[in-house]
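Hello,

Here is the structure I promised to pass on to you. Please open it first, and then read my notes alongside it.

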Amino acid sequence: MKTIRLTVKGKVQGVYYRASAKNKASELGITGWIKNLPDNNVEIKATATDDLLKQFTDWCRRGPLRAVVNELIIEEIPFEPFNDFRIMR
């Protein structure tokens, strides 16, 4: 198990990116959170196995139908356990 921080850049607010990412994470069994940033990007912390995180980051590169992802920054950070996957406000 490991934890990563993702910064998703592009047209990712107002296109159901957070709700869609929460659904995908829950489907994969990934825990963590997602939130909008003031600069119109999205930040995600996710904890899971390498394989599950790879599947999730592959999805994050595309996002939901109306999203336009220009850049996905992935950083491995110290392990953090979470109970579930939440949308932070």
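Below is what turned up, going from the sheet to the helices and then to the core. Please keep in mind that this is a predicted model.

Let me start with the sheet. It is open and built from five strands, in the order S4-S1-S3-S2-S5, with mixed pairing. At its edges sit S4 (68–77) and S5 (85–87), each of which pairs on one side only. From one strand to the next, the twist averages 15°.

Now the helices. H1 (residues 17–28) lies across S1 (2–11), S2, S3, S4 and S5, and runs at about 170° to S5. H1 also packs with H2, at an angle of about 155° and with the two axes 10 Å apart. Since angles over 145 degrees count as roughly antiparallel, that is how H1 and H2 are therefore described relative to each other. The contact involves Tyr17, Ser20, Ala21, Lys24, Ala25 and Leu28 on the H1 side, and Leu52, Gln55, Phe56, Trp59 and Cys60 on the H2 side. The crossing of H1 past H2 is right-handed.

Which residues have the most contacts inside the largest nonpolar core? They are Val8, Tyr17, Ile30, Ile44, Phe56 and Cys60, in a core of 23 residues. At least two residues of this core come from each of S1, H1, S3, H2 (50–62) and S4.

Tyr17 deserves a look of its own. Setting aside neighbours within four places in sequence, its contacts include Val8, Val12, Ile34, Val42 and Ile44. Also among the contacts of Tyr17 are Trp59, Cys60, Gly63, Pro64, Ala67 and Val69.

Is Lys22 buried or partly exposed? Its relative accessibility is 30%, so Lys22 counts as partly exposed, given that buried means under 20% and exposed over 50%. Not counting residues up to four places away in sequence, Lys22 touches Phe85 and Ile87. The C-alpha atoms of Lys22 and Asp84 are separated by 9.7 Å, although these residues are 62 apart along the chain.

Best wishes

Definitions and conventions: Residues numbered from 1 in each chain as written. Predicted model: local features only at pLDDT ≥ 70, side-chain atom pairs only at ≥ 80, totals over all residues. Heavy atoms only, no water. Pairing = 2+ DSSP bridges. Helix = DSSP H or I, 4+ residues; strand = E, 2+ residues; numbered from the N terminus. Axes fitted to C-alpha atoms, helices over the stretch in contact; angles between N-to-C directions. Contact = heavy atoms within 4.5 Å. Core = buried A, V, L, I, M, F, W, Y, C linked by side-chain atoms within 4.5 Å. Buried < 20%, exposed > 50% of the residue type's maximum accessible area, 1.4 Å probe, protein only. Parallel < 35°, antiparallel > 145°, perpendicular 65-115°, else oblique. Left-handed = near helix turned anticlockwise from the far one by under 90°.
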